[in-house]
Amino acid sequence: MPRMCGGLGETSEATEEIQKICESVKAHAEKEAGKPYEVFTAKSYASQVVAGTNYFIKVHVGGDDHVHLRVWKKLPCNGGELELTKMQQSKSHEDPVEYF
């Protein structure tokens, strides 16, 4: 079924591209959390087309701990940069990737 513009797409397994997005915002996520992450592995994601793309990413950060990131990829005409716009901590492997 086609995705509605602005709607959140289905959750998918993380790809190499999604891992690279995570790596590019890792320092910002660590600053937000107030601690370093030795493990920072993207597990799954969903995306939303807006003025660019929002990526909602579940990231394994060690042990049973996960965080959810919302990363905005700006349109190429606006520079195409990545920006960590929100982060949820204290997530588990079972928590679904949802809009936040």
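Start with Leu-69: leaving aside residues up to four places away in sequence, Leu-69 touches a set of residues that includes Cys-22, Val-25, Phe-40, Phe-56, Ile-57, Val-59 and Phe-100. Contact here means heavy atoms within 4.5 Å. Keep in mind that this is a predicted model, where local features need pLDDT of at least 70, side-chain atom pairs count only at pLDDT 80 or more, and totals for chains, interfaces and linings use all residues. Residues are numbered from 1 along each chain as its sequence is written, and side-chain values use heavy atoms, with hydrogens and water left out.

Leu-69 is also, with Phe-40, Ile-57 and Val-59, one of the residues touching the most other members of the largest nonpolar core, which has 19 residues. Such a core is a set of buried Ala, Val, Leu, Ile, Met, Phe, Trp, Tyr and Cys residues joined through side-chain atoms within 4.5 Å. Buried means under 20% relative accessible area, exposed over 50%, and partly exposed in between (1.4 Å probe, protein chains only).

Now for the rings. Phe-56, Tyr-99 and Phe-100 are linked into a cluster by ring pairs. Rings of Phe, Tyr and Trp (its six-membered ring) pair if their centres lie within 6.5 Å; planes under 30 degrees apart count as stacked, over 60 as edge-to-face and the rest as tilted.

| Pair | Centre to centre | Angle between planes | Type |
|---|---|---|---|
| Phe-56 and Tyr-99 | 5.4 Å | 50 degrees | tilted |
| Phe-56 and Phe-100 | 5.6 Å | 75 degrees | edge-to-face |

Phe-56 is buried, at 1% relative accessible area, whereas Tyr-99 is exposed, at 53%. Phe-100 is buried, as is Phe-56.
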